[in-house]
Amino acid sequence: MSKRVLTTESGAPVADNQNSATAGVGGPILLQDQHLLEKLARFNRERIPERVVHARGSGAYGYFEVTDDVTGFTHADFLAEIGKRTEVFLRFSTVADNLGGADAVRDPRGFALKFYTEEGNYDLVGNNTPVFFIKDPIKFPDFIHSQKRDPFTGKQEADNVWDFWAHAPEATHQITWLMGDRGIPASYRHMNGYGSHTYQWTNSQGEAFFVKYHFKTNQGIRSLSAEQGAETAGKDPNSHQTDLLQAIERGVNPSWTLHVQIMPAADAAEYRFNPFDLTKVWPHKDYPLQRVGRLVLDRNPDNVFAEVEQAAFSPNNFVPGIGPSPDKMLQGRLFAYADAHRYRLGVNHTQLAVNAPKAAKADNYGRDGLMASNAYGRDRKNYEPNSYDGPAETGRALSAPLAVNGHTGTHEAPAHTKDDDFFQAGELYRLMSDDEKSRLVANIAGGLSQVSRDDVIEKNLAHFHAADADYGKRVQEAVRALRED
Ligand code: HEM
């Protein structure tokens, strides 16, 4: 018999945890059985809304260590010194499926990183892909609806997936990436992470730079073929979770090397690609990778719900020296995440241990709300300015200001000289070996051939043709062969 006493939520000892209290032997249950009522009621409330995207995920703690001097480009304190270490929490995820899906599916992977810096938490909420399907946040809910379960059939539908893409030529680059060899990572450890968006760094002289983040896996890239993915998803739907958990438990700590591409702010206007277009990369020959540091994951969370399900990342959690670029997608995300957290976790989600600053202290005049645990009151005013030495603003902007001009209105993103929806998709295709091209074509045709409407298929084929004539021809032939079967 355990020496520890089982108690109710309010701490009273429980006499019997096997039999509920009844009116006599074999009689109905008594309303006064507080332990039973509390246990059943609490159980009913165990679930919170799952994330509307990226519902399935795995997380781990670790650290980021600076290996190279980047102080010429940013005055961010956590990057200020070679050897400096900052604690991090990283949540990996799949995107489209619900919480009950499988890990080994063809889908981008989330790579959401929280740096617990001495100047507050910095969240870099990226993916394992350097680009994305769309370039305006106004399309995001439609895009996600088309990829998630259909409201009538209750499952993902090729008709919806490809109909959205038929109307989104800018997705051709990301589709080429996703349907290619890296589309099903073997595990979370064997894939890269990217900030994907362009961000802004500011140095101590106030000079601005535009930056893209690349976390290169030190485990090597490993992916699954379509067949291996289907088999793995069937055998162990939690294959990525199993792999990450077990690796860290065994002390095989996964790591990534962070590199950045850095563009002086003055280059942005004349660069051949719009540097704020999330459907484009910056070729490395234009802006080479520069090493910054090492990310290591070395500790599993003790409780998946408390630390992974309740983890809240927001692309607008910046620290001094780092800020947003005018990328419209990023701008939309600056709103969407904290709003999602207020809905899913509540206004006080920042007080949960995984989300609260660790190396800094939150000190402000936000008060109360559902589940508030900060009990400031005595000697702490709840308004600002005040005459009582309360926390006050610094007057120092986190990042350099951006110049803007023109008229308000709904505008398409400005096109630079080399900008179209297809050039970079074609470049990616042409980089592939013939075997890779064959697998890419087979993966695309496998999905596209299931579409019921010819006009939707034709529109998609036109995108692959526009990217590269050979690409278009091969997809067209493969789709035709599958539809004739
Ligand atoms: C305008 C476009 C986008 C919108 C409106 C959007 C919105 C959202 C929302 C509402 C969530 C759920 C947040 C939560 O409940 O915790 C989410 C999760 C996530 N999104 Fe996005 N998203 C967008 C684009 C992107 C892009 C481009 C990336 C990557 C570059 C990305 C990466 C992620 C990741 C990694 C998560 C999971 C974070 C976690 O692990 O908790 N999203 N997104």
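User: What should I know about the numbering and the model?
Analyst: Residues are numbered from 1 along each chain as its sequence is written. The model is predicted, so local features need pLDDT of at least 70 and side-chain atom pairs count only at pLDDT 80 or more, while totals for chains, interfaces and linings use all residues.

User: Which positions does UniProt give as "active site"?
Analyst: The unreviewed UniProt entry places that feature at H54 and N127. Such annotations may be inferred rather than shown by experiment; the positions follow the numbering used here and feature names are shortened.

User: What makes these positions one spot?
Analyst: They span 74 residues in sequence, yet no two of their C-alpha atoms are more than 10.4 Å apart, so they gather at one spot.

User: Why is H54 called buried?
Analyst: A residue is buried if 20 or more other C-beta atoms lie within 10 Å of its own, exposed if 12 or fewer, and partly exposed in between, with C-beta atoms placed from the backbone. H54 has 22 such atoms within 10 Å, so H54 is buried. Its place is in the loop between α1 (34-44) and β1 (57-66); helices (H or I, at least four residues) and strands (E, at least two) are DSSP runs, numbered from the N terminus.

User: Why is N127 called buried?
Analyst: N127 has 23 other C-beta atoms within 10 Å, so N127 is buried. The residue lies in strand β4 (residues 120-127).

User: How many residues surround the ligand, and which are the closest?
Analyst: A residue is near a molecule or strand if its C-beta atom, placed from the backbone, lies within 6 Å of it. The ligand is surrounded by 28 residues, the closest being H54, R91, G110, P137 and S196. Elements giving two or more residues to this shell are β2 (85-94), β3 (109-117), β4 and α8 (328-344). The largest share, eight residues, comes from α8.

User: How do you know that the length of α10 is close to the expected one?
Analyst: The expected span is 1.5 Å times one less than the number of residues. Helix α10 (residues 434-448) has 15 residues and reaches 21 Å from its first C-alpha to its last, close to the 21 Å expected.
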